[in-house]
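Please read the following report alongside the sequence and the coordinates. It goes through selected sheets, helices and loops in turn.

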Amino acid sequence: MTVFTALDRIGCQTPAEALLVLPKDYVDKTYLHRRITAHFPAKRLILFCAVVRSWRGLNSLSQVTSSPHPLSIELTLDFEDVKGFQVRFFGLTQKEAKPLVGQLLQFQASVKECSSGQRFLQNAQLAAFSGKVEPLYTGVQGTVSGTKIEAAIQAALAMPDALDAAAQILMDNPTIADLLHRYGLTARQLIVDLHQPSSFERADCALRLARHCVVQEVRAQALQGSDAGRGEVVPALYNLDEDLRALVHAQPETLSHDQRHALNGIRKLVNAQRGVRILLNGDVGTGKTLVFLLALAAICQASVKRVAVVVPSDLVARQIHAQAARRFPHLHPALVIAGSEVPAQARMLIGTQALFAHADRLELEALVVDEQHKFSVQQRALLAQGHTHIIEASATPIPRSLALAIFDGWQQVRLVNGPVAKTIRSRIALSNERQQVNQLIRSHLHGGRKVIFLYPKVSGQGASVKAAGERLGQHFKDKVAVLHGQMAGVAKAQALESFASGDKPIVVASTAVEVGVDVPDIGLMVVSGADRFGVAQLHQLRGRLARNGGSADFVMMLDKQPSRLTQERLQAVCNHADGFSLAERDMEIRGFGDVLGEFQTGKSLGTFKLPRLEVQDFTEGVGQM
């Protein structure tokens with residue numbers, strides 16, 4: 001196995017592509033700082049030197065622990081100007097810490113100064129003087145480490161042909177080539193400045209320019225294939241007003257204010273021009289599906305052309321198809337999943353990725369991409385042409401600043417409030433609180449409400465869907481359904497039907513219930529191993545509760561006391577019932593770049609890898625080079 005194999009999962013298969021992975025930052029190893037009261041640039045990693053007086057292990061709550069495997073090691077250091085200064089190191093073991101006492105320690109860290117004037121050192125790691133400005137590479141948790149990235153880049157730099165090949169990749173990209181020409185920098189020099197900078201100034205300029213290249217690519221991708229992307233505006237050939245008014249009037253329910261407002265926004269855009277690009281971002285339970293189905297049906301009728309919805313799973317496709325068939329039988333909605341054909345009379349198609357196999361035979365007037373962050377720009381382009389109206393829909397609320405960044409040039413429509421009033425009580429529970437959770441379960445079942453037990457894995461050791469299904473099935477005879485992603489489509493549909501009908505009021509499930517499970521009267525969801533789920537995913541799961549209104553309970557079970565960061569994330573879920581405010585809080589905790597990467601799942605952020613973009617990368621220019 002070569003050092004480059006480790007980078008496969010971040011889209012790098014060759015030495016040249018390894019050189020397109022960006023450093024997170026740079027460390028000044030040209031000088032050893034022995035004093036802590038000097039002036040230091042904010043957030044910059046600096047090389048320090050101090051004598052170690054003592055050490056102690058700390059747990060996740062920052063309490064002293066005698067465990068042989070503490071979460072972190074706190075060293076008490078004596079600088080030339082300050083004695084007894086405490087610095088916390090992550091990744092340092094007891095075995096490594098003990099012999100440091102009394103020694104002169106070299107380490108890198110960034111300085112944080114509070115409003116009170118007190119200083120702290122953050123991100124501390126052992127490091128040594130090198131006389132150079134060195135790139136800092138950080139990996140992706142669970143995917144590739146920063147150490148492996150650094151090893152691959154150093155190996156690539158030692159290959160003469162790799163640098164030339166990487167430079168050619170940049171010059172073959174018109175967006176990047178234009179920016180390099182504009183700032184008077186060669187592609188080869190940019191790569192050298194990124195990984196072997198001669199100064200902080202050259203390093204900063206190179207990293208800023210590389211990130212600016214990514215921003216321009218992201219924006220170009222968002223507008224790919226659209227008339228807006230080509231700067232053209234083609235007038236609409238029809239008007240939706242009459243068809244949309246009739247379709248809304250024909251529905252059995254009264255639309256909420258938000259639904260009507262969203263539909264009106266879509267109507268105006270489609271009436272104005274061909275090939276509009278709309279981001280329909282709706283919180284869970286706000287009726288997003290009905291909005292895009294009504295908009296599609298109106299476009300289908302007014303244009304007398306075919307329209308389609310593409311969704312990420314069979315389960316969701318079946319549910320949306322059932323709704324479309326019930327509401328718009330005259331459009332002959334067809335379900336297109338693996339093995340399906342496209343009926344000639346079908347004017348509305350609802351399908352999974354199976355739709356892509358028919359792309360060359362479909363000419364769509366409008367396309368809805370549901371759960372848009374699970375499909376790539378390239379996949380969407382298979383089904384859409386320049387004149388095709390595209391509505392990218394997501395029930396995972398996107399922070400406003402993130403939406404403005406990625407979907408610059410798109411028209412945004414938001415659904416915030418649901419058509420029914422509901423109250424969901426969210427709480428975190430440890431394993432020693434299981435008795436109270438059991439009482440809550442009995443209370444909901446006794447009241448005729450449905451209950452979901454959700455597990456992060458289907459099978460294997462520890463808590464899983466299959467093991468819990470067997471255990472609960474014995475306790476609640478003939479009352480338990482099992483639902484997970486490894487089941488065949490028909491079996492999943494049958495399990496969901498038995499749960500929805502109340503024949504089996506308990507379902508033990510995996511995240512197959514995350515989206516598209518529209519079952520009324522679910523009063524309780526217990527999520528085991530909640531710390532393994534993201535904030536947005538937990539909010540999606542919570543959205544399955546009380547679909548018809550009323551109250552419900554959402555319990556996030558943990559096997560052990562969580563770390564500070566995990567506690568903060570889960571508490572945010574408890575504190576924010578509104579998905580948009582939760583998304584903003586999640587972005588505050590994790591950072592803009594991490595959330596951006598999540599919403600770009602399946603999409604290439606650009607030619608450069610791991611850019612870790614921030615809001616200011618989109619709002620500010622590249623600056624002086």
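This is a predicted model: local features need pLDDT of at least 70, side-chain atom pairs count only at pLDDT 80 or more; totals for chains, interfaces and linings use all residues.

## Helix 9 against helix 10

Helix 10 (residues 288–303) also packs with helix 9 (residues 257–272). Two packed helices are described by the angle between their axes and the distance between the axes. Here the angle is about 35° and the axes are 10 Å apart. The crossing of helix 9 past helix 10 is right-handed.

Which residues meet between helix 9 and helix 10? From helix 9 they are Gln259, Ala262, Leu263, Ile266 and Val270. Their counterparts in helix 10 are Leu290, Val291, Leu294, Ala295 and Ile299.

Another open sheet is formed by 6 strands in the order 16-21-20-17-19-18, and its pairing is parallel. The edges are strand 16 (422–430) and strand 18 (480–483); each has a single partner strand, so one side of each is left without a neighbour in the sheet. From one strand to the next, the twist averages 15°.

Strand 19 (residues 506–509) is joined to strand 18 by 4 bridges, and the two run parallel. Val482 stands opposite Val508 in strand 19, and Leu483 has Ala509 of strand 19 as its bridge partner. Strand 19 also pairs with strand 17 in the parallel sense, again over 4 bridges. There, Val451 has Ile506 of strand 19 as its bridge partner. In a regular strand the side chains alternate between the two faces of the sheet. In strand 19, Ile506 and Val508 point one way, Val507 and Ala509 point the other way, and all are buried.

## Helices across the six-stranded sheet

Helix 14 (residues 434–446) lies across strand 16, strand 17 (450–454), strand 19, strand 20 (522–527) and strand 21 (550–558). It runs at about 150° to strand 21. Helix 16 (residues 489–501) lies across strand 17, strand 18, strand 19 and strand 20, at about 145° to strand 18.

## Helix 5

Which residues of helix 5 (residues 174–182) are buried? They are Ile176, Ala177, Leu179 and Leu180. These residues cover an arc of only 165° around the axis, which puts them on the same side of helix 5. An α-helix has 3.6 residues a turn, so residues three or four places apart point the same way. Pro174, His181 and Arg182 are exposed, on the face of helix 5 turned away from its buried side.

At the start of helix 5, a side-chain oxygen of Asn173 comes within 3.0 Å of the backbone nitrogen of Thr175. Just after helix 5, Gly184 has a positive phi of about 65°.

## Two loop residues

Pro197 is in the loop between helix 6 (187–195) and helix 7 (200–222). Its relative accessibility is 9%, so Pro197 counts as buried. Beyond its neighbours within four places in sequence, Pro197 is in contact with Tyr26, Val133, Pro135, Val192 and Ala203.

Gln561 is in the loop between strand 21 and helix 18 (564–575). Is Gln561 buried or partly exposed? With 43% relative accessibility, Gln561 counts as partly exposed. Not counting residues up to four places away in sequence, Gln561 touches Ser60, Leu61, Leu430 and Gln567. Leu61 is 500 residues from Gln561 along the chain, and their C-alpha atoms are separated by 8.9 Å.

Conventions. Residues are numbered from 1 along each chain as its sequence is written. Side-chain values use heavy atoms; hydrogens and water are left out. Two strands pair if DSSP finds at least two bridges between them. Axes are lines fitted to C-alpha atoms, for helices over the stretch in contact, and angles run from 0 to 180 degrees between N-to-C directions. Contact means heavy atoms within 4.5 Å. Buried means under 20% relative accessible area, exposed over 50%, partly exposed in between (1.4 Å probe, protein chains only). The arc is that of the directions from the helix axis to the C-beta atoms. A polar contact is a pair of N or O atoms within 3.5 Å; within protein, one must be able to donate a hydrogen and the other to accept it, and residues adjacent in sequence count only if both atoms are side-chain atoms. A crossing is left-handed if the near helix is turned anticlockwise from the far one by less than a right angle, and right-handed if clockwise.
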